[in-house]
Amino acid sequence: MGKRTAKGQIVVEYLNDETTNHLPSKSLASLIYKKNSKVFKDVEDVRDVIRYYRGQRGKNNRPFAVDKTEKAQHAKRLGIGNPFGLPETDEEEWPPYVLPKGATRILLLSDIHVPYHNIEALTIAINYGKEKKVNAVVLNGDTLDCYALSRYEKDPRKRKFSEELESCRQLLGILQKELQCPIYFKLGNHEERYEAYLRTKAPELLGTSDFTLDTLLRFGQYGCELIQDKRIIKAGHLNILHGHEFGRSVFSPVNPARGYYMRAKASVICGHNHQTSEHTENNLEGKIVTTWSTGCLCEMHPAYMPINKWNHGFAYVSVDHSDGSYEVDNFRIIEGRLR
């Protein structure tokens with residue numbers, strides 16, 4: 001048996017760990033790459049090494065493969081794994097992103113659309129965060145507009161994507177300076193334009209660490225954490241989503257919050273619709289379920305939709321992690337004042 005490479009040593013450690021060795025190769029590769037991006041070229045590079053050590057690259061290429069008999073017995077004991085040797089799956093796990101227990105006073109900002117943000121509304125939101133001494137900021141999607149990467153017809157006089165990035169970096173710096181707390185940056189449908197652009201225009205760059213959005217926005221410098229893959233954010237028992245995760249299926253003639261209730265059937269707060277609303281219902285067991293939609297912090301009359309039902313606004317969420325309870329203050333900003 002030859003000496004293992006650095007890549008091989010890392011992969012074997014995960015394969016020998018009972019908490020990770022049951023994961024499908026693709027899910028395990030994503031986990032390993034996230035923590036070892038300087039060692040591997042991309043996720044597929046990790047996956048290839050995993051397949052090698054799992055003996056999934058042919059009979060003549062298994063010098064370090066895990067013994068399938070032993071593996072099957074181990075899986076059976078744990079009640080997990082693949083004791084029947086079913087074909088490898090590309091299924092990926094989709095766990096929620098759970099905010100840490102230190103996040104008890106959360107400033108929730110949605111739909112800023114830098115560089116088409118509204119300075120007055122954003123200033124009011126930041127000032128409120130300072131007054132409340134928030135210990136977490138959740139940028140709940142569409143912080144960036146990504147106008148230049150849109151599939152729609154574009155005005156060449158608008159800002160370049162590089163200028164949008166610089167404006168967003170300035171915003172992150174201001175939030176960190178003024179609020180001095182962790183920032184959780186969730187991707188909305190506008191930020192997802194970036195990866196969609198890479199898929200069609202530069203697929204070779206997908207997954208390379210130098211071209212991920214968190215690298216371009218220098219998250220390490222500003223204390224930011226990236227939340228992607230349309231994941232649910234959990235703040236105690238409250239579910240936080242941007243809103244685009246439901247696709248085009250959310251519609252309600254009443255208000256956006258009722259539309260989210262009809263889809264989620266659980267307490268959730270979303271942005272995306274640029275409109276402040278709330279909906280509450282009791283279920284058969286008497287449990288109260290409330291859903292909210294938050295206002296935006298961007299320009300109110302963009303060229304693509306000058307007439308709309310939008311309003312400026314944001315939310316403040318306080319959480320008791322001991323029992324998961326929470327309170328939501330969902331604000332409108334009207335004529336420069338909180339309502």
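Two residues are in contact when they have heavy atoms within 4.5 Å of each other. The model treated here is predicted.

**Exercise 1. The chain as a whole**

State what share of the contacts with a separation of 6 or more comes from residues 24 or more positions apart.

Solution. Take the contacts in the chain with a separation of 6 or more; residues 24 or more positions apart account for 63% of them. For background, the chain has 10 helices and 13 strands, and buried residues make up 45% of its 339 residues.

**Exercise 2. Helix α5**

Solution. 
1. At the start of α5, a side-chain oxygen of N118 comes to within 3.2 Å of the backbone nitrogen of E120.
2. A121, L122, I124, A125, I126, Y128 and G129 are the buried residues of the helix. Their packing partners are β2 (105–109), α6 (161–179), β11 (312–320), β12 (325–334) and β13 (337–338).
3. Just after α5, K133 has a positive phi of about 50°.

**Exercise 3. Residue H242**

Decide whether H242 is buried or exposed, and find its side-chain polar contact.

Solution. 
1. H242 sits in the loop between β7 (238–241) and α10 (256–264).
2. Buried means under 20% relative accessible area. H242 has 0% relative accessibility and therefore counts as buried.
3. Its side chain makes a polar contact with the side chain of D142 (3.2 Å).
4. Leaving aside neighbours within four places in sequence, the residues in contact with H242 include D111, K186, Y260 and C270.

Conventions
Residues numbered from 1 in each chain as written. Predicted model: local features only at pLDDT ≥ 70, side-chain atom pairs only at ≥ 80, totals over all residues. Heavy atoms only, no water. Buried < 20%, exposed > 50% of the residue type's maximum accessible area, 1.4 Å probe, protein only. Helix = DSSP H or I, 4+ residues; strand = E, 2+ residues; numbered from the N terminus. Polar contact = N/O pair within 3.5 Å; in protein donor to acceptor, adjacent residues only side chain to side chain.
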